[in-house]
Amino acid sequence: MNTIDKKRQRVFHLMLLLPVVVLFVFNYLPIFGIVIAFQDYQPGLGFFESRWVGLDNFKTLALLPDFMPALRNTLLIALFKIIGNLVIPIIFALMLNELRIKWFKKTVQTVTYLPYFLSWVVLGGILLDFLSQGNTAGDAGLMNRALLGMGLIDTPISFLGDKNVFPATVIISDVWKNFGYNTIVFLAALTNVNPSLYEASAIDGAGRWKQTWHVTLPGITPIIILMTVLSIGSILNAGFEQIFVLYSPSVYETGDIIDTLVYRLGLVDSQFSLSAAVGVFKSIISGILILISYKLADKYAGYRVF
Amino acid sequence: MFAKNLSTGRKIFIAANFVLIMLITIACLIPIVNLLARSFSGSQAIIENRVTLWPVDFNLEAYRHVLNTGEFWTAAWVTVKRVLIGVPVNMLLTILAAYPLSKSNRIFKARKYYSFYFVFLMVFNGGLIPTYIIVSQLGLIDTIWALILPSAVPIFNVILVMNFFRGLPEELEESAMLDGASQWTILWRIFLPLSKPSIATVTLFSLIGHWNAWFDGLIYSNFTSNYPLQSYLQTLVVDIQSTLMSGDLDAIASAMNVNDINLKAAQIFISIIPLFVIYPFMQKYFTEGLTLGSVKG
């Protein structure tokens with residue numbers, strides 16, 4: 001048995017060899033590469049020859065006029081996205097749960113989670129056209145024409161070009177992309193609520209609304225807690241791909257986020273070290289928050305990630 | 001629509017709920033249908049903004065034009081290549097990692113070290129710039145490998161498959177071992193055939209991921225001829241933005257019923273046709289996959 005077991009251990013190590021090597025090169029090496037945040041990195045000199053500058057990049061960062069707005073925008077957009085992506089799917093799942101017509105329920109789900117499977121490039125192309133302000137009211141996108149037609153607005157709104165409107169556009173379009181998919185999770189939890197609880201509460205004279213409040217919602221509270229807790233870790237992820245596709249210099253003030261700032265500093269302006277410093281800042285805070293969220297998920301929802 | 005013996009209030013609620021759900025569902029589709037209609041519409045109708053949800057002056061010129069565009073096909077080929085290589089690579093590495101990790105710490109002695117190695121990467125990452133530097137130092141820029149190797153081990157998928165493997169009865173493995181089967185045989189002949197739903201889910205995740213990815217193509221290519229389809233589309237979409245803002249629509253309108261809007265719309269819709277083809281499979285497996293991946297003790 002012992003030799004068989006030894007052989008088995010060896011096979012396990014062998015299986016893991018390739019994934020471990022790939023992760024080492026493409027995920028661990030970049031973590032070591034964070035050293036450039038403490039250097040004046042020059043691509044020609046590489047990691048080893050570049051000059052060490054200690055915390056200079058972080059000092060520059062603190063003084064960078066774009067940094068604080070980007071941090072604030074990131075937190076605000078991410079927070080509202082988290083809330084929207086929890087509340088709307090829960091309400092929608094409760095509504096769908098009341099439906100008795102199977103094919104209709106299925107069709108609704110099929111349609112509403114379609115945007116989830118499309119990339120932000122495709123959705124961006126669709127939204128840029130749909131939300132366009134146009135030069136005259138005549139060539140505005142369908143959204144503005146509809147609002148004008150209903151008499152809700154007098155002049156077309158610049159959904160993507162007005163810095164006061166842009167964050168709302170980003171949040172709502174993100175919910176549009178994701179709510180159908182997120183609904184599945186809550187709907188699955190709803191169908192698992194014990195039916196005898198409904199019967200018992202009906203005997204006790206509870207009406208439909210009371211049942212929803214006292215039976216249905218408590219029934220899905222664990223999954224709501226779990227989803228909330230796990231989303232803590234994404235508070236610094238405001239959705240890079242989406243904003244990258246939709247934003248423009250006219251909305252940087254309210255729409256620029258940490259990830260887009262990292263991109264512009266690093267890959268457009270070639271300030272590798274400064275950009276990496278912003279990245280390190282984000283990585284560390286995100287990492288701590290993710291760890292906390294995993295701990296909380298384990299404690300309150302009995303959920304183990306690995 | 002109504003069951004018998006319902007109170008009036010209940011009936012009103014059911015009807016209102018039904019209508020509201022229908023409106024939300026339709027609203028979700030409107031932006032997509034709007035652009036789809038434009039892709040089939042004539043140039044003049046688009047400029048005059050007469051297209052809403054149904055094509056005006058229906059024609060296929062935009063699609064014909066796109067299918068004759070060399071850049072479109074070049075980009076589509078890059079995407080096909082990345083899917084054909086990337087998905088099998090993802091699956092191979094996912095399964096190879098998931099199987100040993102699905103064993104208990106008692107059976108696989110070193111498991112806890114490996115799981116730390118994987119979990120650490122779910123918590124921390126090097127970020128955009130260091131990753132870019134590594135990829136470029138390895139000389140992968142402008143090669144297909146830059147689109148495949150950095151995301152070759154999708155840790156979320158590993159967890160999903162690992163959890164599924166864990167749910168299979170341990171006796172299966174024990175009895176196979178008594179029959180002298182090696183671990184490779186057990187994985188290939190017993191575990192994989194029994195895990196079809198989770199393998200299918202993960203394959204779809206990987207397929208959609210590769211099909212939709214565009215940012216890596218954008219940063220890891222110096223030449224646009226190496227762009228996958230979605231990166232190529234991104235450059236077009238950014239163009240739509242500048243066209244819409246500068247507003248010289250009349251300038252680009254041509255007599256052949258092709259203009260920027262319907263041309264780009266046509267490319268966007270051609271790019272998502274493959275997703276529609278696999279959509280029925282997605283529906284079948286994603287719900288399963290999602291519930292598999294969540295709540296597991």
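**Entry 1: chain A as a whole**

I started with the secondary structure of chain A. I found 14 helices and two strands. Is chain A spread out or compact? I looked up its radius of gyration, which is 25 Å. The globule rule gives 19 Å for 306 residues, so chain A is more spread out than a compact globule. I keep in mind that this is a predicted model.

Next I took the box along the principal axes. The C-alpha atoms of chain A fill roughly 80 × 75 × 30 Å.

**Entry 2: domains of chain A**

I checked the domain assignment. For chain A it gives domain 1 as 1–54 and domain 2 as 63–301. How far apart do the C-alpha centres of the two domains lie? I noted 34 Å between domain 1 and domain 2 of chain A.

Then I looked at where these domains touch. Six residues of domain 1 of chain A are in contact with five residues of domain 2 of chain A. On the domain 1 side, I noted four nonpolar residues, one polar and one charged.

**Entry 3: chain B against chain A**

I turned to the two chains together. How many residues of chain B are in contact with chain A? I noted 75 residues of chain B, which meet 72 residues of chain A. I sorted the chain B side by class. It has 49 nonpolar, 22 polar and four charged residues.

**Entry 4: helix α6 of chain B meets helix α1 of chain A**

I picked out α6(B), residues 128–137, and α1(A), residues 2–32. Their axes come within 8 Å and cross at roughly 125°. That angle makes α1(A) oblique to α6(B). I also noted the hand: α1(A) passes α6(B) in a right-handed crossing.

Which residues meet here? From α1(A) I listed Phe26(A), Leu29(A) and Pro30(A). From α6(B) I listed Pro130(B), Thr131(B) and Ile134(B). By class, this contact has five nonpolar residues, one polar and no charged ones.

**Entry 5: helix α6 of chain B meets helix α14 of chain A**

I stayed with α6(B) and moved to α14(A), residues 272–301. The axes of α14(A) and α6(B) come within 7 Å and cross at roughly 130°. So α14(A) is oblique to α6(B).

On the α14(A) side I found Phe272(A), Ser275(A), Ala276(A) and Gly279(A). On the α6(B) side I found Leu128(B), Ile129(B) and Pro130(B). I see Pro130(B) in the contact with α14(A), and I had listed Pro130(B) in the contact with α1(A).

**Entry 6: a helix pair inside chain B**

Last, I looked at α8(B), residues 155–167, and α11(B), residues 196–212. Their axes come within 10 Å and cross at roughly 175°. Angles over 145 degrees count as roughly antiparallel, so α8(B) is roughly antiparallel to α11(B).

I wrote down Asn157(B), Leu160(B), Val161(B) and Phe164(B) for α8(B). For α11(B) I wrote down Ser198(B), Ile199(B), Thr201(B), Val202(B), Phe205(B) and Ser206(B). How do these residues divide by class? I noted six nonpolar, four polar and no charged residues.

Technical notes:
Residues are numbered from 1 along each chain as its sequence is written. Chains are lettered from A and ligands numbered from 1 in the order in which they are written. This is a predicted model: local features need pLDDT of at least 70, side-chain atom pairs count only at pLDDT 80 or more; totals for chains, interfaces and linings use all residues. Axes are lines fitted to C-alpha atoms, for helices over the stretch in contact, and angles run from 0 to 180 degrees between N-to-C directions. Helices (H or I, at least four residues) and strands (E, at least two) are DSSP runs, numbered from the N terminus. Angles under 35 degrees count as roughly parallel, over 145 as roughly antiparallel, 65 to 115 as roughly perpendicular and the rest as oblique. A crossing is left-handed if the near helix is turned anticlockwise from the far one by less than a right angle, and right-handed if clockwise. Two residues are in contact if their C-beta atoms, placed from the backbone, lie within 7 Å. Ala, Val, Leu, Ile, Met, Phe, Trp, Tyr, Cys and Pro count as nonpolar, Asp, Glu, Lys and Arg as charged, and the others, Gly among them, as polar. Domain bounds come from an automatic or database domain assignment. The radius of gyration is taken over C-alpha atoms; the globule rule is 2.2 Å times the number of residues to the power 0.38.
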